[in-house]
Amino acid sequence: MTIIIIIFLIALLGVLFEFMLVGICIAIGVVTILSSFVAAIPLYIMVKKANHRFPWLAFIPLGNIYLMYTISNKPFVLFEGEIYIKDRTTVFLYYVLLLVLYAFGIFMCYCIRDDYFAFMDGLILVQLVFYAAKVVLQYPMYKDMYDMFMYKKDNRVLSIISAFSFFIATIQLWRICKNKPVQYVSVINTEDII
C-alpha cells in the first residue's frame with residue numbers, strides 16, 4: 001500500500017512540475033509580448049513623426065526591426081565609412097538572412113548532439129558569431145536613429161549599448177520619441193554607394 005502512495009506522490013509531483021514549467025513558459029511569453037509592445041509605442045510615435053509609409057509595422061515582430069532600419073534616409077554605413085549601402089531595406093534583408101542562418105546553425109548543433117562537447121562548442125560558436133554580426137548590423141541602425149531624433153553629435157556609445165541590450169534601447173526610444181526628427185541631407189558622392 002505504501003508503494004502505491006509513493007508512486008502516486010511521484011506522479012503528482014511530476015504533474016505539478018509540468019504545470020510549473022508550462023506556467024513559466026506562459027509567463028516568459030507574456031513578458032516578451034508586453035516588452036515588445038512597450039517598445040513598439042515610442043517607435044510608432046517616431047515613425048509617424050518621420051512620415052514613414054508604414055507606421056503600423058511597429059507592432060508586428062520583424063516589422064519593427066524593418067522600421068528601425070528604414071526610418072532614416074541616410075545611406076547605411078558599416079565600419080565607419082568603409083561600406084555604404086543606399087537601400088536600407090537591403091540591410092534589413094541581411095538581418096533576416098542572419099536570423100535564418102542563426103536558426104540553421106542552432107539546428108546543425110542539434111544534429112551533432114551525440115557528442116556533448118561538440119554540441120556545446122558548436123552552440124557557443126554559433127551564439128558568438130550571431131551576436132557579433134547582430135551588433136555590427138544594429139550599431140549603425142541605432143546610431144542613425146539616435147542621430148535623427150537626438151541633437152547630439154556623437155551617439156556611438158549609446159548605440160553600441162543599445163545593440164547589445166533591448167531594454168536599454170527601449171528606454172532610449174521612450175526618451176527620444178518626444179523629439180522632432182532631423183532629416184539627413186546627402187553630402188557624399190553617390191557613385192560610391194552600393
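Me: What does buried mean here, and what counts as a helix?

Reply: Buried means under 20% relative accessible area, exposed over 50%, and partly exposed in between, with a 1.4 Å probe and protein chains only. Helices are DSSP runs of H or I of at least four residues, strands are runs of E of at least two, and both are numbered from the N terminus. This is a predicted model, in which local features need pLDDT of at least 70, side-chain atom pairs count only at pLDDT 80 or more, and totals for chains, interfaces and linings use all residues. Residues are numbered from 1 along each chain as its sequence is written, and side-chain values use heavy atoms, with hydrogens and water left out.

Me: How many residues of helix α2 are buried?

Reply: In α2 (residues 63-70), eight of the eight residues are buried, so this helix is largely enclosed by the rest of the structure.

Me: What is a salt bridge, and how many are there?

Reply: Side chains of opposite charge can pair when their charged atoms come close. The rule requires a side-chain nitrogen of Lys or Arg within 4 Å of a carboxyl oxygen of Asp or Glu. By this rule there are four salt bridges.

Me: Which residue forms a salt bridge with D144, and which parts does the pair tie together?

Reply: The partner of D144 is K74, with the closest N and O atoms 3.3 Å apart. D144 belongs to helix α4 (residues 116-149) and K74 to the loop between α2 and β1 (76-78), so the pair ties together parts 70 residues apart in sequence. Both D144 and K74 are buried.

Me: Which residues are linked in a network of salt bridges?

Reply: The network links K74, R88, K143, D144 and D147.
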